[in-house]
Amino acid sequence: MKNDSVKKVVATGIGAALFFVLARFVAIPSGIPNTNIALQYGIQAVFAVLFGPVVGALSGFIGHILTDLTWGSVWWSWAFGTCVYGLIVGLFAKKINIYDGNFGKSEIITYAVANLIANIVAWPIIAAVGDVLIYKEPFSLVFAQLMVAAVADFACAMVVGGLILFGYSKTIAKSGSLDKE
Amino acid sequence: MNKVLNYIPKDSFIHRLSGTTKLVIFLTFSILCGASFDTRVLIALFILSVIGFLLSKISLREIRVMTTFLAVFLTLNFILLFIFNPEYGCELYGSRTVVAHLWGRYYITLEQLFYQFNVVLKYVIGFPIAILFISTTNPSEFAASLNSIGIPYKASYSVSLALRYIPDIQKDYHEISQSQEARGVALGKDVRFTERIKNSIKILMPLVLTSLSRIDEISNSMQLRSFGKKKKRTWYVLKKMTAADYAMIVFCAVILIGGLIITNQGGNNLYNPFVR
Amino acid sequence: MDKKPIISFKNFSFQYNAQKQPTLKNINLDIYPGEKILVCGASGSGKSTLGNCINGLIPFSFNGKIEGSLVVDGIETKNSSIFELSTRVGTVLQDPDRQFVGLTVAEDIAFALENDCVEQSELIRQTFLSAQTVNIQDHLNKAPFDLSGGQKQRVSMAGVLVDKVKILLFDEPLANLDPATGKSAIELIEKIKNDTDTTVLIIEHRIEDVMWERVDRIILMDEGIIVADMNPQQMLKSSLLRDYGIREPLYLTSLKYAGVDINGVRNIDNIRYLELSETDRSTVNRWFQEQDKPVRKNDNDYILEVDGLNFAYEGGHQVLFDVSFKIKKGEMLAIVGTNGAGKSTLCKVICNFEKASQGKIVFDHEDITEKTIRARAKHIGYVMQNPNQMISQTMIYDEVAMGLAHSGLSEDEIREKVFEMLKVCGLYEFRNWPISALSFGQKKRVTIASILVMGPQIIILDEPTAGQDYRHYTEIMEFLKSMNSRGITVIMITHDMHLMLEYTDRALVFSKGHLIADESSSAVLCDPELVREASLKETSLFNIAEMCGIDDPVEFVDCFIECEKKGRESDE
């Protein structure tokens, strides 16, 4: 693709805007009191797969910081976690290659592996270390919180992100093969 | 004016500073506040941020929502920290001064109180600074400021685009979810969990697809107006740096270096009043 | 002409990578400096592709294969770059929201100069000058959502003018504007052309609206080739427009119906300068006398009654003021007015997407003011303007079946209902296709089907034909008419005065949140006062009626519409 870089700039901006809107205004109860499903991570994963690691990382990072700013304080450790999460999923984008119109078994497995690694690195490692370093919070507490986050985000990215990618792959199916019935 | 972030236009010393300077202040405080657990440094930062806040002429009433949110969050966090590990402060400071016994393993110790005081302080410092940054900086200046502290202009422009299209995407989301609701797509508590997830896809799918077509069209229109042509770009909104701006940046450098030196004096970033 | 062309296509072909056939086939076309050209053609004719070749999006953004040569202002495009071309060709795209990338008006106008590293004081000066050209200089600090559609488009124009381009390219500039704003956009384009001495290309299928100001040439495209390239007079006197699915100006059609000899009419290309001879006028009058005057009657019961409706947003900004009206069963009705007049809001309040602050809504004698979105949706269906915002499934069947999921029907019953609906909508043969393989018009039908399958008695459509060419427009509207004849009441929000005249009996006219008229559509468009107040555009049929001294222009318009209907029926 030519002039890909401008498209990536725009994808980062729109991805961040989507992240913001979902994080800030959309509350779908998760079943656990006062906790909502973090749909934004599903969308971030979709953008990482569609546009690669840089867009995946920056769209989430910008979206996260803007969301935090509306609450009056930026939670840097988690913002970096979000950034790393998008980066790692994005690194697998070439392997998944959604633009072929395929999102079958092998792509889903790659996507799952990507998400597993990304969630483990982003939350119980990057964000937890950040929280411990910055706030000197007890590692056990931080780790427990972030494991919950990692599991929830993994599930969300798999189900929400996965289904959207699957739907998207269908929209690029070749139309030459179609017959009226 | 863009209403995504709570920008409150006024005429004050802080408002008149260039966005670049305010970004530098914001980052200096964020870094120092993140890196230091030295109570003296934190108190100094807190006093400075309150002074900044007073200078900005922003009234507490204008940021009521955020203040309430912070208060609730801090209270919860305070309780959670205590319940989860009431002895953590003692481990950290290497001593144990019991003030009272509550029940079971829960003792109130001076060390734990002091530790939690520091945590609260850290959150509280971040607050006026973040508020100060977003309420006194015109969002239009964000991208230009990021670019002027060395972030590549393309990445900086993404921030501007995000701010530009948040209202549009919010409207999209609202309209899509309403029209889906009319067809029986509900997301409330009364819907089964798996159903809720399925339903959220029915809203997200059109939202993502329209966003993708939006990306194509916007990037075409930006290329048609030379975005990406040169290695640099200029900014209509960038405020000229004044003497006050340079003074503030020098001031930031001084407190950053000073703060880091004081913090690391004892070999770690703690200030420990319990050591004799 | 011995001048050198500023745009010159020589044996030019272009084929998108994804397509089997070239989209442009062997184009030969010269455009000279200072010309004003209208490019028209049905959708898929290649007219937008032609524009994208000129501004450089092809081949620099869309991949494909170019054959032959295209020289723009002395540069062979395929050896150039989009950046080099963009300083010569300014493009104003169809949707101003996608082109308006700055956070404020000033930033957006300055965008191209910023990218060119123009120094700040010069940026500010040039931005202001450019803003003045389009008269937007008083709004420099406004954000896009504080502007109307017309203002946004003017910002887009200023944003390309700032580059001092030699060629201005407009891609369907009228598609998103209300009629009065569209008219001023066309006037502004003419003014800019004269002030800046640019060459102007307008790609648009609504030719009557473009020809409000003079154009030098019309280029008619079909299936990737130029089928005609002639001056407007010749073009209108031929039958080419009709043959290739472009709607000719209404006044012209009416003169043809009346049997006026078009070849003898002077200035046939512009309603403002059109001259009818004595004979022509009496021909029209004679025709009018001979027509059976149509009488429309609807004795049905009321199905929707809205009484004293007020609506304000949470911040207190009031959008609807004391709106009351009644709609009878089986009506086909238009809601018209400027953007922001409250049309869409009214429909959202009727569907409970927004909660009325005051007032009563009665459906089939039952007060539904307190009912939920879902409960109302069973009776009143709402179809959004952009089908992509409604479609959430990948397969047509699933999309149409979605609304029945929780209806308590068995799977077999659902299938039966869906199949029946697909047959009615002419989509049955596609039932196992992915929706992405459908055209825009077909997608639109899928969304209508997905609403109708729930069995509403009223269907509300927001701009059902926006951006559609004449053939698709007719297709969608005839489909809605057939639904209407099955007893469904159809309410349409529209900017399209043709649609309103041809397909609706009655119009509710809104201005600034007030219902200012509730009359027959032809009467609305023959009332200059009302037309002005609601930013509509009077029909050129009214001008013809006036020119010919017909004292009841409304009846003249009705006769014309009747003729059109008969014509369409005999076509089938």
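What share of the contacts in chain B with a separation of 6 or more comes from residues 24 or more positions apart? The points below take this up, chain by chain. The model is predicted.

1. Contacts in chain B. Residues 24 or more positions apart account for 74% of the contacts in chain B with a separation of 6 or more. Buried residues make up 46% of its 276 residues.

2. Make-up of chain B. Chain B has 10 helices and 2 strands. Its elements run α-α-α-α-α-β-β-α-α-α-α-α from the N terminus.

3. Dimensions of chain B. The radius of gyration of chain B is 24 Å, but a compact globule of 276 residues would have one near 19 Å. The C-alpha trace of chain B spans about 70 × 60 × 35 Å along its principal axes.

4. Dimensions of chain C. Chain C has 572 residues and a radius of gyration of 25 Å; this agrees with a compact globule, because such a globule would have a value near 25 Å. Along the principal axes, the C-alpha atoms of chain C fill a box of roughly 70 × 60 × 50 Å.

5. Make-up and contacts of chain C. There are 24 helices and 20 strands in chain C. Of its 572 residues, 51% are buried. Among contacts between residues at least 6 apart in sequence, 68% join residues at least 24 apart.

6. A hairpin in chain C. Strands E19 (residues 506-511) and E20 (residues 514-520) of chain C pair in the antiparallel sense over 6 bridges. Ala507(C) has Glu519(C) as its bridge partner in E20(C). The hairpin leaves 2 residues between E19(C) and E20(C). In the turn, Lys512(C) has a positive phi of about 45°.

How values were computed:
Residues numbered from 1 in each chain as written. Chains lettered and ligands numbered in written order. Predicted model: local features only at pLDDT ≥ 70, side-chain atom pairs only at ≥ 80, totals over all residues. Pairing = 2+ DSSP bridges. Helix = DSSP H or I, 4+ residues; strand = E, 2+ residues; numbered from the N terminus. Rg over C-alpha atoms; globule rule 2.2 N^0.38 Å. Buried ≥ 20, exposed ≤ 12 C-beta atoms within 10 Å, placed from the backbone. Contact = placed C-beta atoms within 7 Å.
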